[in-house]
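Work through the two exercises below with the model open beside you, and try each task before reading its solution.

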Amino acid sequence: MPRSARERSSTNIYHLMGRGINREKIFEQTREKNNFKRLLNKHLEKYGIEIFSYVIMSTHFHLLARADLKLLSGYLAIVLAEYAEYYNFKHDRNGHVFQNRFKSECVESEQYFWNCLRYIHMNPVNANLVKSPLDYKYSSIKEYQIEKNKIIHPAAIKMYKQNFTDFEEYLEFHNKNQKYIFLDTPDDVENQLYKVAMAILYQEAHLRGLEKPVEMIENLTLRRMYKEKLQKELKISKARTDRLYRRVKSCIIGK
């Protein structure tokens with residue numbers, strides 16, 4: 001079956017994600033993460049890739065980058081192939097290292113760009129690995145802090161300085177609530193949906209002057225309205241909305 005063509009971004013900016021096959025921890029060790037960073041940097045100039053943010057987790061990676069889609073695909077193809085060769089040799093194994101080809105989504109607006117960048121930096125925090133994104137060594141946030149680019153493009157630091165008065169404001173921006181659902185592993189997407197659904201519940205309860213969000217669930221009319229809002233805002237099916245609602249209900253009723 002032929003692969004479907006990737007959607008092209010009008011801005012040439014893409015959010016990219018690749019993960020280990022069968023959820024394997026292909027970046028579990030420090031030297032594995034460091035080697036992947038080296039490979040990301042090694043081919044940047046040749047392919048003309050502008051990276052604005054990245055994070056390397058144990059099972060997957062994220063990039064926010066700007067380039068022609070064909071060049072971007074060529075860049076990641078060689079980076080992933082060289083890493084797979086290294087990983088297989090290191091662990092004395094054969095076969096695929098990454099789960100299919102990398103995934104991509106278009107970044108078409110400045111608002112989505114900054115929210116996506118924040119989401120990438122906050123991956124380790126959301127995974128409960130660290131309390132602050134600054135505590136994680138394998139993302140691009142420290143390059144913004146010291147204003148010296150190793151992997152990210154000089155344009156990234158320039159944009160950061162144009163949009164934030166200082167790094168403290170930039171870091172504070174990372175603590176804001178997320179309202180978008182970004183490309184990620186299936187489990188992480190479900191967690192994103194859950195967090196946004198909880199935020200919507202509390203917001204709606206506050207707007208209606210309710211003392212507790214559980215009142216939104218206990219009232220039949222409000223409960224229906226909430227579920228309709230979830231389905232519309234999150235753009236998910238009714239079946240998926242029902243599953244998400246049951247998870248929210250279980251959390252709220254249990255409090």
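Two strands pair if DSSP finds at least two bridges between them, where strands (E, at least two residues) and helices (H or I, at least four residues) are DSSP runs, numbered from the N terminus. The model is predicted, with local features needing pLDDT of at least 70, side-chain atom pairs counting only at pLDDT 80 or more, and totals for chains, interfaces and linings using all residues. Residues are numbered from 1 along each chain as its sequence is written, and side-chain values use heavy atoms, with hydrogens and water left out.

**Exercise 1.** Determine in which sense strand E1 (residues 13-19) pairs with strand E3 (residues 60-66), and how its faces are covered.

*Solution.* Start with the bridges: E1 and E3 pair in the antiparallel sense over seven bridges, and the bridge partner of Gly-18 in E3 is Phe-61. Next, turn to strand E4 (residues 103-106), which pairs with E1 in the antiparallel sense over four bridges; here His-15 stands opposite Glu-105. Finally, examine the faces: Ile-13, His-15, Met-17 and Arg-19 on one side, and Tyr-14, Leu-16 and Gly-18 on the other, are all buried, that is, under 20% relative accessible area with a 1.4 Å probe, protein chains only.

Terms used. Buried means under 20% relative accessible area, exposed over 50%, partly exposed in between (1.4 Å probe, protein chains only).
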